[in-house]
Amino acid sequence: MPETRTAPLTVGFDLDMTLLDTRPGIHATYLALAAETGARIDADLVVTRLGPPLLDEIRNWFPEDEVEHAVTRYRELYRDLAFAPTVALPGAHAAVEAVRDHGGRVAVITGKYEPNARLHLEHAGLHADALVGDLWAETKGEALREHGASVYVGDHLGDIRGARHADAVAVCVATGPYSADELRAAGADVVLADLTGFPAWLDAHLAG
């Protein structure tokens with residue numbers, strides 16, 4: 001397990017399917033985009049594989065010369081459709097507060113478009129000391145290192161890669177597209193069923 005840094009404690013969190021269940025809003029946005037553009041988009045499939053960059057997913061449904069416009073329009077539609085149906089995942093608020101109880105900082109490092117990620121946090125009543133969006137895998141690791149995060153909590157194999165890149169402890173929750181066994185096999189240092197187990201883990205981790 002990577003060695004953790006000394007205080008001040010900073011814990012990084014992924015957003016989609018780690019802190020928030022964004023699937024209903026993403027599903028609705030893709031359906032609206034399909035209706036508007038005439039593209040065939042399997043929104044049911046899309047929400048089973050959240051994590052990689054939006055650009056990668058859009059390329060599955062649009063020709064290359066339409067991708068940039070589709071991404072822009074998706075992000076616009078998202079603001080109208082995605083926030084209301086999104087809910088915090090079990091233990092999300094308690095996990096964030098657990099970091100603060102230890103005098104720590106919370107950094108949300110996400111692949112989501114940063115302005116929309118900020119609105120998600122506001123809607124859910126979650127406060128982050130730092131927020132960086134539009135990142136994936138190793139680029140998440142660069143942001144984690146920049147903010148001094150010693151722990152990164154995510155749900156995706158790309159989140160494990162990000163934690164590794166930052167020499168941070170990779171804590172994974174099995175609330176996303178991968179099972180606990182798959183996350184362990186991919187090299188997660190800690191696997192939790194969901195964030196309800198995070199405060200107790202953090203207490204034990206910081207106690208040494």
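Reader: How many residues does the largest nonpolar core have, and which have the most contacts inside it?

Author: In this predicted model, the largest nonpolar core has 29 residues. Those with the most contacts inside the core are F13, L19, V171, L195 and F198.

Reader: What is L195 in contact with, leaving aside its neighbours within four places in sequence?

Author: L195 is in contact with F13, T18, L19, P90, G91, A92, A95, V153 and V173.

Reader: What does the second, separate core include?

Author: That core has 23 residues, among them I26, I41, L50 and F83.

Reader: Turning to pockets, how much space lies in the largest pocket?

Author: About 450 Å³. The pocket is lined by 28 residues, and L50, G51, P52, P53 and L54 are the closest to its centre. Two or more lining residues come from each of α1 (23–37), α3 (54–58) and α4 (64–81).

Reader: How do the residues of that lining divide?

Author: The lining has 13 nonpolar, 5 polar and 10 charged residues.

Reader: What pLDDT does the chain average?

Author: The average is 96, and 97% of the residues score at least 70. Over residues 1–6, however, the pLDDT is below 50. Beyond near neighbours in sequence, that stretch has 18 contacts in the model.

Notes: Residues are numbered from 1 along each chain as its sequence is written. This is a predicted model: local features need pLDDT of at least 70, side-chain atom pairs count only at pLDDT 80 or more; totals for chains, interfaces and linings use all residues. Side-chain values use heavy atoms; hydrogens and water are left out. On a 1 Å grid over the protein atoms alone, a cavity is a set of points where a 1.4 Å probe fits but cannot get out, and a pocket is an open set with protein on both sides within 12 Å along at least five of seven lines; lining residues have an atom within 4 Å of a point. Grid points are joined across faces, edges and corners, and a volume is the space filled by probe spheres set on the points. Helices (H or I, at least four residues) and strands (E, at least two) are DSSP runs, numbered from the N terminus. Ala, Val, Leu, Ile, Met, Phe, Trp, Tyr, Cys and Pro count as nonpolar, Asp, Glu, Lys and Arg as charged, and the others, Gly among them, as polar. A nonpolar core is a set of buried Ala, Val, Leu, Ile, Met, Phe, Trp, Tyr and Cys residues joined through side-chain atoms within 4.5 Å. Buried means under 20% relative accessible area, exposed over 50%, partly exposed in between (1.4 Å probe, protein chains only). Contact means heavy atoms within 4.5 Å. pLDDT is the predictor's confidence in each residue, from 0 to 100.
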